[in-house]
Amino acid sequence: MLYADETILWRFALPRAGWWRTAQRARLPIRPLSQSQIKREEALKRQAWGRYRTWSRLTSGVLLSVIGAVQSGASKVFYKIVPHFDAQEFRQYIHQVMATFSKLGKEVVMVVDRSGIHRAHKLDVTLAHYHKKCRFHFLPAHCGHHLNPIEGFWRVMKDTIGAGRCFPDLRQLSQRTRQVLMAHQERPIYAFHW
């Protein structure tokens, strides 16, 4: 059983909770955003990231995207650093995971949330190809992060990569991320706390 999810790493250091004084603390909106506000924000994000569709262009950006899954029991993490999240990148990730598990001859159950890339129709061909070898188990809608252990791993990984550290470019952030993930493979962290 694999618990899969995605995360984003920032090239620049973000202030940690409680770092700034009370008078300077960021204020969250009291009422939730309306559906039109959410759609507008998502459209602006898509527009801003439209030019970063290839890895060569992304090297001047500020975000690094990682798709990963933690194996239940063994705490082994299978990851892929990608330029952006979409169904095509997730299909390639599934092929990468299945290449590892195809030797075992057991069914792979991947526990995922209900995000768009996990429910995309582009995955139908890939899942049909791995029929009875790989299947998705969807977490309940709005269930929170406590049901997916990879979320705790992302927090530990981000702290290890260097909270409070800035990287001059994404290539160095990518190298540091690979170092941390490889170190985890050699000496797994068995307890992920939220």
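**Cores, helices and side-chain pairs in the predicted model**

Phenylalanine 153 is buried, with a relative accessible area of 2%. The model in which this value was computed is a predicted one. Tryptophan 154 is likewise buried, at 2% relative accessibility. The rings of phenylalanine 153 and tryptophan 154 form a tilted aromatic pair, with 5.9 Å from centre to centre and 50° between the planes. This pair is one of 5 aromatic pairs found in a search of the whole structure. The pair counts as tilted because the angle of 50° falls between the limits of 30 degrees for stacked and 60 for edge-to-face.

The protein contains 7 helices and 5 strands. From the N terminus on, these elements follow the order β-α-α-β-β-α-β-α-α-β-α-α. The chain has 194 residues, of which 36% count as buried. Among contacts with a separation of 6 or more, 73% join residues 24 or more positions apart. The accessible surface amounts to about 12600 Å², and carbon and sulfur atoms account for 55% of this area.

Nonpolar side chains tend to be buried together in soluble globular proteins. In this model the largest nonpolar core has 21 residues, and Leu9, Phe153, Met157, Ile161 and Leu173 are those with the most contacts inside it. At least two residues of this core come from each of strand S1 (2-10), strand S2 (63-71), strand S3 (77-82), H6 and helix H7 (170-186). The greatest contribution is that of H6, which gives 5 residues. Another core, of 20 residues, lies apart from the largest one and includes Phe90, Leu123, Tyr130 and Cys134.

Buried positions in H6 are Ile150, Glu151, Gly152, Phe153, Trp154, Val156, Met157, Ile161 and Gly162. These buried residues pack against S1, S2, S3 and H7. On the H7 side, threonine 177 is buried, with a relative accessible area of 0%. Leaving aside residues up to four places away in sequence, threonine 177 touches Leu9, Leu64, Val66, Ile81 and Ile161. Two of these contact residues, Leu9 and Ile161, are also among those with the most contacts inside the largest core.

Side chains of opposite charge can pair when their charged atoms come close. Aspartate 159 and arginine 155 are joined by their side chains at 3.7 Å, N to O. Both residues lie in helix H6 (residues 149-162), 4 residues apart, or about one turn of the helix. Neither residue is buried: aspartate 159 is partly exposed at 35% relative accessibility, and arginine 155 is partly exposed at 36%.

The count of salt bridges in the model is 2. The other pair consists of arginine 135 and glutamate 107, whose side chains meet at 3.0 Å, N to O.

Helix H3 (residues 87-101) has 15 residues, which at 1.5 Å a residue should span 21 Å; the distance between its end C-alpha atoms is 21 Å, in agreement. Its buried residues are Ala87, Glu89, Phe90, Tyr93, Ile94, Val97, Met98 and Phe101. Phe90 and Tyr93 form one aromatic cluster with Phe136 and Phe138. Phe90 is also one of the residues of the 20-residue core.

Lysine 122 lies in the loop between helix H4 (116-119) and helix H5 (123-129). With 54% relative accessibility, lysine 122 counts as exposed. Residues up to four places away in sequence aside, lysine 122 touches Ala87 and Arg91. The C-alpha atoms of lysine 122 and arginine 91 are separated by 8.0 Å, although the two residues are 31 residues apart along the chain. Ala87, one of the residues touched by lysine 122, is itself buried in H3.

Technical notes:
Residues are numbered from 1 along each chain as its sequence is written. This is a predicted model: local features need pLDDT of at least 70, side-chain atom pairs count only at pLDDT 80 or more; totals for chains, interfaces and linings use all residues. Side-chain values use heavy atoms; hydrogens and water are left out. The expected span of a helix is 1.5 Å times one less than its number of residues. Buried means under 20% relative accessible area, exposed over 50%, partly exposed in between (1.4 Å probe, protein chains only). A salt bridge is a side-chain nitrogen of Lys or Arg within 4 Å of a carboxyl oxygen of Asp or Glu. Contact means heavy atoms within 4.5 Å. Accessible areas come from the Shrake-Rupley method with a 1.4 Å probe; for residues, only the protein chains shown count as cover. A nonpolar core is a set of buried Ala, Val, Leu, Ile, Met, Phe, Trp, Tyr and Cys residues joined through side-chain atoms within 4.5 Å. Rings of Phe, Tyr and Trp (its six-membered ring) pair if their centres lie within 6.5 Å; planes under 30 degrees apart count as stacked, over 60 as edge-to-face and the rest as tilted.
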